[in-house]
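Subject: Structure handover

Hello,

Please find the structure below, followed by notes on what was found in it.

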Amino acid sequence: MPEHIWARTQLLYVCSPGNPTGAVLTFDHWRELFALSDKHGFLIASDECYSEIYFDESNPPLGGLEAARLLNRGFERLVMLSSLSKRSNVPGMRSGFVAGDAAILKDFLLYRTYHGAALSTVFQRASVAAWQDETHVRDNRAKYLENSGRSRRCSPTCSTCACPTPPSTSGRTSRAPVSRIPSSRRACTPTIM
C-alpha cells in the first residue's frame, strides 16, 4: 500500500482467524502490523471472535495480545475483541469483551456506559459459566472439524485465489510476505492492506 495511505490510516481492523477460510495472522504478520502502527500511529482492532475455532489442539492461533507479549511490547494502539458467539455457539447472547490498550479502553468504557445495552442477570450468569468452561469449547471445535468436510480451499474448483491452509489447521502457510502476494491472489489470505 502506498506510504501516503498508511500516513492517513487511523484504524486497521483485522480478523484472525478469518472467516470463511480460517487463515490466521502469523507472528511475522503481527510484527509487520505493529511496526506499521508504530510508524504511522494507527490503532489495530483485532477481531478474535473465531480464535477458539481451530483444528489442531496443539497449535492454537496466535492472537494480537499474545503476539505483543512475545515481542516484548505493550498493548499501545491495540485492542482485541472476543465473544461467546462462536466460542460457545451462543450468538444471541451478545456476551463478549475488549482488552488491550488501557487508554483506549478508558474511552471505550465511557462510550459503552452511555450507548451499550446491559445483559440481564440470567445472561451474565450464563456468560460466566460459558467463559469458565473449556470442555464445551473443545467439543465445539470437534463438531466444526466434523462439519467442515475437511475442505481447506474456498472451493474445490478454486484456481485463482491463494487460499493457503491455515497454520492452525495443518502447519502450512504462504511463504511470501503478505505485501508481496499480488492483490488478485489475496482474496482468502490474511492481508495487510
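Strands here are DSSP runs of E with at least two residues, helices are runs of H or I with at least four, and both are numbered from the N terminus.

Some ground rules for the rest. This is a predicted model, in which local features need pLDDT of at least 70 and side-chain atom pairs count only at pLDDT 80 or more, while totals for chains, interfaces and linings use all residues. Residues are numbered from 1 along each chain as its sequence is written, and side-chain values use heavy atoms, with hydrogens and water left out.

Sheet

Strand β2 (residues 43-47) runs parallel to strand β3 (residues 78-83), and four bridges join the two; strands count as paired if DSSP finds at least two bridges between them. Both belong to an open sheet of four strands in the order β1-β2-β3-β4, where the pairing is mixed. At the edges are β1 (11-15) and β4 (96-100), each of which pairs on one side only. From one strand to the next, the twist averages 20°. Angles are taken between N-to-C directions and run from 0 to 180 degrees, with axes fitted as lines to C-alpha atoms, for helices over the stretch in contact.

Helix α2 (residues 27-40) packs on this sheet and touches β1, β2 and β3, its direction making about 150° with that of β2. Contact means heavy atoms within 4.5 Å. Helix α5 (residues 102-115) lies across β2, β3 and β4, at about 145° to β4.

Helix α7

The length of α7 (residues 135-147) can be checked: at 1.5 Å a residue, its 13 residues should span 18 Å, and the end C-alpha atoms are 18 Å apart, which agrees. The expected span is 1.5 Å times one less than the number of residues. Buried residues in α7 are His136, Val137, Asn140 and Arg141. They lie on the same side of α7, because the arc they cover around the axis is only 145°; that arc is taken over the directions from the helix axis to the C-beta atoms. The elements covering the buried residues of α7 include α4 (84-87) and α6 (121-132). Buried means under 20% relative accessible area, exposed over 50%, and partly exposed in between, with a 1.4 Å probe and protein chains only.

Salt bridges

The whole structure has nine salt bridges, each being a side-chain nitrogen of Lys or Arg within 4 Å of a carboxyl oxygen of Asp or Glu.

One of them joins Lys39 and Glu3, at 3.1 Å from N to O. The two are 36 residues apart and link distant parts of the chain, with Lys39 in helix α2 and Glu3 in helix α1 (residues 3-8). Lys39 is exposed at 57% relative accessible area, whereas Glu3 is partly exposed at 42%.

Another is between Asp38 and Arg77, whose closest N and O atoms are 2.4 Å apart. This pair also links distant parts of the chain, 39 residues apart: Asp38 is in helix α2, and Arg77 is in the loop between α3 (64-70) and β3. Asp38 is partly exposed, with a relative accessible area of 42%, and so is Arg77, at 21%.

Glu76 and Arg73 form a salt bridge too, at 3.4 Å from N to O. Glu76 is partly exposed at 34%, while Arg73 is buried at 18%. Salt bridges link Asp38, Arg73, Glu76 and Arg77 in a network.

Regards
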